[in-house]
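Please read them with the structure open.

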Amino acid sequence: MARAVTTQHKTIATVAAWIVALLIFFPILYTIITSFKSEQEAIQGFALIPSGTFESYTEVQAQSGYFKFFFNSVLLSVGSTVLALLVAIPAAWSMAFSPTKRTKDILMWMLSTKMMPAVAVLFPIYLIFRDTGLLDSRIGLMVMLMLINLPIVVWMLYTYFREIPGEILEAARMDGASLWNEIIYVLTPMAVPGIASTMLLNIILAWNEAFWTIRLTTTEAAPLTAFISSFSSPQGLFWAKLSAASTLAIAPILIMGWFSQKQLVRGLTFGAVK
Amino acid sequence: MGNITLKNVSKSFGSTVIIPGIDLVIENGEFVVFVGPSGCGKSTLLRLIAGLEDTSGGTINIDGRDVTGEAPAKRKLAMVFQSYALYPHMTVAKNIAFPLKMAGEDQATIDRKVKDAARVLNLTNYLERRPGQLSGGQRQRVAIGRAIVRQPSAFLFDEPLSNLDAALRGTMRLEISELHHQLKTTMIYVTHDQVEAMTMADKIVVLNAGNIEQVGSPMELYKTPRNLFVAGFIGSPKMNLVEGAPAAKYSAKTIGIRPEHMQISTTAGEWKATVGVAEHLGSDTFLHVQADGVGPLTVRADGELAVHHGDTIYLTPDKAKLHRFGPDGKAMAT
């Protein structure tokens with residue numbers, strides 16, 4: 001009997017999980033479906049089967065030039081992530097392995113900057129960008145994206161490094177490893193999974209960032225977020241084109257996320273599950 | 001060689017003094033155990049010798065060479081950690097080979113030495129596994145293997161058995177002692193377990209609050225503890241310490257009598273006592289009694305002794321084995 005109940009519970013749980021997953025995924029799915037409809041079909045009402053036309057895609061590309069935005073997105077997300085890692089790895093390392101009395105306070109302070117709404121600093125940041133000539137520049141936006149994600153990157157790396165027992169580093173020292181050998185043979189192999197998942201998450205966060213990327217760019221440095229928003233413009237709403245643009249914008253990151261999901265889940269749950 | 005000499009070695013963390021100043025000589029080939037309660041500074045002292053902590057004062061000599069300011073790697077010491085501290089991403093073979101690789105040995109020598117160490121430690125069948133796939137005892141053997149391949153001048157053990165269960169601890173204790181007989185290399189072993197100290201050591205260093213209370217062979221410490229701390233720390237079950245009138249009778253502030261040094265009678269004796277809990281271990285029986293005018297005592301009796309909760313017995317301490325301590329807590333001349 002006990003076994004039957006368990007199986008029943010399992011089935012219910014599985015069905016419930018599928019329903020929740022579908023509900024969460026449905027907007028994305030419907031966006032993809034709509035992108036294969038004509039403009040007329042799109043405004044006609046709810047329909048799950050599209051006519052299968054590619055006209056929205058061709059128009060979107062002809063009208064706005066998808067690849068320039070795509071290139072900017074790649075450059076900004078990868079560039080800001082590399083910058084963030086360059087700053088965050090030494091920071092997290094020193095906080096994890098030689099903590100001081102103030103380490104926790106510094107970490108909390110860094111995190112507290114994420115609690116502030118971005119709009120609160122829009123004017124000062126905008127003015128700084130304007131006066132330093134960084135508006136609509138890739139470098140400026142890269143630094144901006146790096147700064148807004150830095151607290152999360154430092155926290156993730158800190159949590160990950162904290163899990164590397166200090167005794168292992170001491171053992172390496174006793175075994176005759178120089179600092180350089182310690183880094184190459186012991187530290188890096190143990191830290192690579194953590195760095196990799198932090199990197200993946202940060203690329204996704206930077207890719208999806210829409211507040212600053214839309215406000216601090218016009219044409220030159222504009223990434224895919226600006227590309228999407230340009231389709232809800234004064235000319236009116238074009239659902240099919242907007243959907244095609246959105247699909248094109250999320251596709252690369254969705255594909256990357258799909259292939260790296262194992263690494264990502266591990267990265268997001270470390271510390272919680274051992 | 002493995003002569004280690006500490007001269008007035010001290011350690012403070014900020015304003016907190018962990019070790020005020022220690023002098024100690026460890027001879028080549030000795031098995032020395034640092035024992036004491038937690039927080040007594042025994043692990044810190046070991047780490048100072050290893051070079052993992054910097055000294056605040058004093059000098060450390062290894063084989064006549066002042067190594068006080070030298071990096072751990074240059075001291076030619078090997079250390080086995082409490083958590084094993086194996087490299088999780090390397091196989092057993094690579095873990096053991098790591099110090100040899102760091103020393104720049106050629107691959108053929110590394111392979112030979114790793115195989116030798118694996119044979120000594122019964123690890124031959126596990127060389128290609130990773131630490132995560134091994135049991136606690138096997139991991140500890142790998143840690144020891146990593147230490148022995150380097151042929152260091154001394155081994156340092158930092159509570160290496162405390163993560164193992166009781167049965168395995170007993171086995172590993174024997175294995176480490178056996179290894180010491182084979183290698184005849186100096187070993188310094190830190191533990192809070194006085195049984196490990198008594199069974200393994202050539203020389204025990206009893207530490208308390210960063211000071212050495214007494215240094216001596218296990219039997220010296222057992223027979224002639226220099227003060228109340230050592231008397232209470234060495235021996236299992238603990239020595240009974242009695243103050244007041246029964247001690248005054250022996251012209252002492254405190255008297256100490258070990259559980260095994262009292263005669264038990266059901267008819268007459270010096271102290272009348274009521275039996276509380278009787279622990280029957282088979283070979284021995286430990287009686288926890290309440291003696292009139294003396295207080296709670298632990299008595300070691302024959303395993304066959306048939307006494308039960310609430311029985312009255314009479315105890316007579318063996319005068320030749322009675323320890324007397326003065327008001328300063330130090331042992332008085334007998």
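1. Which strands of chain B does helix α4 (residues 136-148) lie across? Helix α4 of chain B lies across β6 and β7 of chain B and runs at about 175° to β6(B). Axes here are lines fitted to C-alpha atoms, for helices over the stretch in contact, and angles run from 0 to 180 degrees between N-to-C directions. Helices (H or I, at least four residues) and strands (E, at least two) are DSSP runs, numbered from the N terminus.

2. On provenance: this is a predicted model, in which local features need pLDDT of at least 70 and side-chain atom pairs count only at pLDDT 80 or more, while totals for chains, interfaces and linings use all residues. Residues are numbered from 1 along each chain as its sequence is written, and chains are lettered from A and ligands numbered from 1 in the order in which they are written.

3. Chain B contains an open sheet of six strands with mixed pairing, in the order β6-β7-β8-β3-β9-β10. Strands β6 and β10 (211-216) of chain B are its edges, each pairing on one side only. From one strand to the next the twist averages 20°. Two strands pair if DSSP finds at least two bridges between them.

4. Within chain B, β7 (residues 154-158) and β8 (residues 186-191) run parallel and are joined by five bridges. In β8(B), Tyr189(B) is the residue opposite Phe157(B).

5. At the interface, 14 residues of chain A are in contact with 18 residues of chain B; contact requires C-beta atoms, placed from the backbone, to lie within 7 Å. On the chain B side, β6 (77-80) and α2 (92-102) are the elements that give two or more residues. That side divides into 15 nonpolar residues, two polar and one charged. Ala, Val, Leu, Ile, Met, Phe, Trp, Tyr, Cys and Pro count as nonpolar, Asp, Glu, Lys and Arg as charged, and the others, Gly among them, as polar.

6. Chain A has 13 helices and two strands. Its C-alpha trace spans about 75 × 75 × 35 Å along the principal axes.

7. In chain A, the axes of α3 (residues 55-64) and α12 (residues 239-259) come within 9 Å and cross at roughly 75°. This makes α3(A) roughly perpendicular to α12(A), a label that covers angles of 65 to 115 degrees. Residues making the contact include Tyr57(A) and Val60(A) of α3(A) and Ala244(A) and Leu248(A) of α12(A). By class, this contact has six nonpolar, two polar and two charged residues.

How values were computed:
Two residues are in contact if their C-beta atoms, placed from the backbone, lie within 7 Å. Angles under 35 degrees count as roughly parallel, over 145 as roughly antiparallel, 65 to 115 as roughly perpendicular and the rest as oblique.
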